[in-house]
Amino acid sequence: MLRGSPRLLLIAAVLALTGAACSGGVPAGAIDADRVACPPDSECYDPPRAPGDGGMIAMAAHDFYYDSFDGEIAEGDIQVTLANEAAGAHNIVVTGANEGSDQVIEANGGEEASGTINLFAGSYTFYCSIPGHRAAGMEGTLTVAPEPTPAGEAATPLQAEGEG
Ligand SMILES: [Cu+2]
């Protein structure tokens, strides 16, 4: 029975990350810049819960878009590696990461940088905070799947327990 399969959840998360719809000016493989965020003060924000095993995200920055991810993403401590393939500096700001402190990973032109961000299941906006870059298209949504649960156990509900 595949219902509630952790693998499916992970695949869904990766598809959500890489499934860039058409959007003018953004090359194929880049992340759709038009998706809407779920910042901590929005209705769709999923409040913090205990972290899981997390995963790893590898992505590349260009002028002015991000390439697709490569890796599994479940909630928890997620290692993010940013390969900057442009000449100038780019970064990733993940809003709401690390319980709201907004993790920033920045790489100079032609360099690579990595960092660990703590994310709970839900959707997060990421963008490049260098002036003008976000408006030029360096923005996207990161969807994090719930931590996979052992076979036979019910998945943790996404709904908040109590109010924030
Ligand atoms: Cu940038």
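Tutor: Start with burial. A residue is buried when its relative accessible area is under 20%, exposed when over 50%, and partly exposed in between (1.4 Å probe, protein chains only). A strand is a DSSP run of E with at least two residues, a helix a run of H or I with at least four, and both are numbered from the N terminus. This is a predicted model, where local features need pLDDT of at least 70, side-chain atom pairs count only at pLDDT 80 or more, and totals for chains, interfaces and linings use all residues. Residues are numbered from 1 along each chain as its sequence is written, and side-chain values use heavy atoms, leaving out hydrogens and water.

Student: How many residues of strand S4 are buried?

Tutor: Five of five, across residues 90–94, which leaves S4 mostly covered. His90, Ile92 and Val94 point one way, while Asn91 and Val93 point the other way.

Student: Which strands pair with S4?

Tutor: The general idea comes first. Strands of a sheet pair through backbone hydrogen bonds, either parallel or antiparallel. The cut-off for a pair is at least two bridges found by DSSP. Strand S5 (residues 103–107) pairs with S4 in the antiparallel sense, over five bridges. There, Gln103 of S5 is opposite Val94. Strand S7 (residues 122–127) is also antiparallel to S4, over two bridges. In S7, Tyr127 is opposite Val93.

Student: What is the strand order in the open sheet?

Tutor: Read it as S2-S1-S3-S6, four strands with mixed pairing. S2 (65–66) and S6 (112–119) are the edge strands, each pairing on one side only. S3 (residues 76–84) runs antiparallel to S6, and eight bridges join the two.

Student: Which residues coordinate the copper ion?

Tutor: A donor is an N, O or S atom within 2.8 Å of the metal (3.2 Å for Na, K and Ca); water is not among the atoms, so sites may look incomplete. Here the copper ion is held by ND1 of His90, SG of Cys128 and ND1 of His133, at 2.0 to 2.1 Å. Their spacing in sequence is H-x37-C-x4-H. Cys128 and His133 are both buried. His90, pointing the same way from S4 as Ile92 and Val94, is buried too.

Student: Why does Ala74 count as buried?

Tutor: Because its relative accessibility is 4%. Ala74 lies in the loop between S2 and S3. Now compare sequence with space. Ala74 and Gly122 are 48 residues apart in sequence, and their C-alpha atoms are 9.9 Å apart.
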